[in-house]
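Student: I would like to learn how to read a sheet and a helix in a model. Where do we begin?

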Amino acid sequence: MKGVNYQMLYNKKKHFCDLLSVKFIILILFLTVSLCVLFLFAINDIAENNIPANTHSFEPPSINYTLLNKLATPFSQKNLIFIGDVHGAFDELLKLINKIDYDPLKDHLIFVGDLVAKGPKSIEVVRLIRSLGASCVRGNHDDKVLKWKNLLNFLDSRKIELNEYIKEHNISEDIVKSEHGLLAKKLDVETYNYLLSCPIILDIPEYNLYVVHAGLLPDVLLSEQDPSDIMNMRNIKGDGKPSKSKNEGHAWSKYWNAVQEKSSSPRTVIYGHDASRGLKIKPYSFGLDSRCVYGGELSALIWNDNREIKSVKCKQYDS
Ligand SMILES: [Mn+2]
């Protein structure tokens, strides 16, 4: 009898051990699967937010954009007034708005981008033009501030300090004090959303117009052009590629005009960005950056029969 009892005890113990090892294997499997899922989530997060690898020349992660918007009909039926690169020159913008006798019931303002940076009152400029219901396109400096704000929002949501992030990614500490980073810190939600809403290209079909910050390639479909090029180009090189520099190739507007002259449905581009070339009026392109922030002028193009230009003098805020 004792033997049988031992046998039963042994069987129970064996059964118990088997049960334990099954539970143990299930636990290990569960932990492994959980870790895999967490790892996949982390990878996905990093990919989505495009967190950069260790770098000293830091560019914040990219941000969403709208490539092309059409100007809504109620606005396109008003008098259209295009304004060049403001770059935070708030006082000069007020003077210009006064000089053109802006009437919100009759006129619609359209900004060619680079509302912010270099000048003293960037946030005030964006708040003002938002309150006026103006249209805009995204400039290269607006884009930099948006990228920073996007990064700050991301860090905020993860409760990570910017300094901590900078150290972790081995990024130079000067980056924290960059102008665009500091402006991003001051952007409130409404101002951020307004800047974010400015498309890369504004299409005004009623007048066969495109508005962009820097330029367009004449022989490439709009949907296939690089937003960064549209916000940065000055020239087109011999190989047909755009360039930020005006020292290689020729002004993009030269090629644009040549192509439009032969076109049965020519399009005119209104743009800014090229302060070094200043106000540049051609049959199918209007360059409106008249160097306000460098002590030049802030200019408005009134889209009447005379294509009238009105300008105000600016203080020098940058050199
Ligand atoms: Mn620019």
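Tutor: With the sheet: it is open, has 6 strands with mixed pairing, and runs in the order E1-E5-E6-E10-E12-E11. Strands pair if DSSP finds at least two bridges between them; helices (H or I, at least four residues) and strands (E, at least two) are DSSP runs, numbered from the N terminus. Strand E1 (68-70) and strand E11 (280-282) each have a single partner strand, so one side of each lacks a neighbour in the sheet. This is a predicted model: local features need pLDDT of at least 70, side-chain atom pairs count only at pLDDT 80 or more, and totals for chains, interfaces and linings use all residues. Residues are numbered from 1 along each chain as its sequence is written.

Student: How many bridges join E5 to E6?

Tutor: Strand E5 (residues 201-204) and strand E6 (residues 209-211) run antiparallel and are joined by 3 bridges. Asp203 has Tyr210 in E6 as its bridge partner.

Student: Which residues of helix H7 are buried?

Tutor: A residue is buried if 20 or more other C-beta atoms, placed from the backbone, lie within 10 Å of its own, exposed if 12 or fewer, and partly exposed in between. In H7 (residues 179-186), His180, Gly181, Leu183 and Ala184 are buried. They lie on the same side of H7 because they cover an arc (of the directions from the helix axis to the C-beta atoms) of only 165° around the axis. Lys185 and Lys186, on the other side of H7, are exposed.

Student: Why would such spacing put residues on one side?

Tutor: An α-helix has 3.6 residues a turn, so residues three or four places apart point the same way.
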